[in-house]
Amino acid sequence: MSNCRYLINSCIHQTYDILDFRTTQSSKTRSYYVRCQTSFDQTLDGENGGNRKLKILIAGGGIGGLVLALAAKHEGFEVRVFEKDLSAVRGEGQHRGPIQLVSSALEVLEAIDENVAKQIKEAGCVTGNRTTGYADGLSGEWITKFDLSSPAVSRGLPLTLVICRMALQDILLNAVGLDIVRNKSKVVDFLEDPSKVTVILEDGQQYDGDVLAGADGIWSKVRAKLFGEREAKYSTYTSYSGVTNFVPPYIDSVAYRIFLGLNQCFVATDVGNGKIQWFANHKEQPMSNDPPEGKKKRLLEKFGNWCPEVVTLIQKTPESMILRRDIYDRDMMYTWGAGRVTLLGDAAHPMQPNLGQGGCMAIEDCYQLIHELVQASESDSNVQISEEIVLALRRYANKRLWRVGLVFAASRFASKMLASYKPYIEFKIGPLAHLLTQRITHPAIPVFRAFLQICLPKFMAWITAGHGLCLKRERNQCKVQTENSLR
C-alpha cells in the first residue's frame, strides 16, 4: 500500500485525472501505477522516486524457476535464470506426465501475466468441471468423489485443468525470453557477502545479484550448499506412465480418477485431444529391471486382475509410449534459506505425486516470494534494503510453511495409505481357504471410506480455493480505496 500512498501524496501538489490507474497531464503523460499488495503490474518509474531495481538470480529453469522469472520480470526487476539443460527439463516432462493446475495456481498465473494464463488455459484440458475422486482398483467402485468446480465458481476462479509439462514450459519460456534464461549453465556453488550474492557456474563463470532463489528441484545444489549434502530417499515406489489415444466411454463425465490397491495405485486423466494419460505406481526395489517382453507385460502382471477401466488403458497403450522412473523423496524442511538465499518448489519441499500438487505449490511459492521482494525493494537506502531483503525471504518462507506443510503431510499420508489398503479379507490357508475366490469386504474399509468421504472433499476444496492472499478481491479493494481517496 505504500505505493498507493505515494500517488495520493503526489496529488497534493499536482492535479491528475485517473485513467485506468495512470495519471495524465495536458503537457505530458507520466506512467505512475497504483500497486496493490497482490498486483504484478509494472514497477513505479515516476520522476520523483521509484522502487530499487533488484537483481534476482534463479537456479533452475523448470516450472517454478520460470514462473518466478516471469513475475520478477513484470515487476521490473533484473532477472537471470540458470538452467543446466533445457532439453532435459522438457524430456523429464514425458516421464512425469501432465501437470495439474488447480484453480488457486491458475489465479496466481493470471495475476502475474493474464496473456500467459490465457495461453495455458487454451493449451490445457479442463478437468474441474467433471467428476474426480478415488476408486477401488479391483472393483472400480467409487470410494469418494470431490467437487473442484463449486469452490472455484463461488470465488470467481478458473477451473482446474491439466496440461502437458513440456507445453507449459514452452509457454513460460517464450514469455520469460531466451535473453533471460541461460541454458547449459549449472549452478554448483554460491558466495554471499552483506551487499550481494554471487552464483558460481559449473564452467567457472560468476554472476552477482541481490537474491538467489534455488528452484533446481529435488537434487538442488543450492539446497546442498545451504544445509549440507543429504541423499534423497527412495520412496519404495516406482512409477510407470503412458499415453493412449483410446477414449473411454465415460470421458464426458469423469476427468480424473485414482484407483487404489495394496501397495499400488493407478491414476488416469483426460489430457484432451482424444488422449488419456495415466501413471501406475507400485512398491518395488529401486532400479529393478523389466522383463525382456517389455514394460506393458510387467504392468499387466501387476494390474491384470484390476477393474476393466485400468486393464483396458494399459492394453491400449503402445509399448513405446510407456516410460518408467523411480520416485524419490525428502523430508519436509522448516527452514528454506539463509541471508540472501532461499528455496522454492521441489528444492524446498519435494512431494510425491499422489495429490498432483507439487507444481501448484511451486507456483504459489513464486507469488509469495515476489510479493515480499516488492515490499523490500521500496526501501530508501542500500543498507536498509539489504536488511529488508533478508527479512523478506524469512517472511516468504514463514507465510508458506503452514499451507505447504499441510499439503506435504497429506501427500505422505496418501502414500502410506497404499501400504495398508486391503479392501478384502484373504483366506490363504485353513478351513476357510475355499473362500479365496470370493471377495469379502474387510471390516475396516467402511470406516476408511467414511473418513475419505468426509475429509478429502473438504481438503481438496481448501486447496482449490486459494492460498490466502485473495488476489482479485484485494486488488479490487485497493483500487476502490485509492480512487475514493483521490476524489
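Start by selecting Met287, which is exposed at a relative accessible area of 68% (exposed means over 50%, buried under 20% and partly exposed in between, with a 1.4 Å probe and protein chains only). Before going on: this is a predicted model, where local features need pLDDT of at least 70, side-chain atom pairs count only at pLDDT 80 or more, and totals for chains, interfaces and linings use all residues. Residues are numbered from 1 along each chain as its sequence is written, and side-chain values use heavy atoms, with hydrogens and water left out.

Still on Met287, check the backbone: phi is positive, about 60°, although this residue is not a glycine. You'll find Met287 in the loop between β19 (275-283) and α9 (295-303); helices here are DSSP runs of H or I with at least four residues, strands are E runs of at least two, and both are numbered from the N terminus.

Next, pick Thr236 in strand β16 (residues 233-244). Its phi is near 80°, again positive in a non-glycine residue, and Thr236 is partly exposed at 31% relative accessibility.

Now jump to Thr131 in strand β8 (residues 131-136), partly exposed with a relative accessible area of 25%. Leaving aside neighbours within four places in sequence, the contacts of Thr131 (heavy atoms within 4.5 Å) are Trp142, Lys145, Ser253, Val254, Ala255 and Tyr256.

Time for helices: show α2 (residues 63-74) and α11 (residues 358-376), whose axes are 9 Å apart at an angle of about 30°. Axes are lines fitted to C-alpha atoms, for helices over the stretch in contact, and angles run from 0 to 180 degrees between N-to-C directions. The pair is therefore roughly parallel (an angle under 35 degrees). Show side chains on Ile63, Gly64, Val67, Leu68, Ala71 and Ala72 of α2, which meet Ala362, Ile363, Cys366, Leu369 and Ile370 of α11.

From α2, look at what it lies across: β4 (55-59), β5 (78-82), β11 and β15 (211-214), with α2 running at about 165° to β5. Colour the whole open sheet, 6 strands in the order β11-β5-β4-β15-β22-β21 with mixed pairing; strands pair if DSSP finds at least two bridges between them. β11 (181-182) and β21 (337-338) stand at the edges with a single partner strand each, so one side of each has no neighbour in the sheet.

Last stop: β21 runs antiparallel to β22 (residues 341-343), joined by 2 bridges. Select Ala338 and its bridge partner in β22, Val341.

Technical notes:
Angles under 35 degrees count as roughly parallel, over 145 as roughly antiparallel, 65 to 115 as roughly perpendicular and the rest as oblique.
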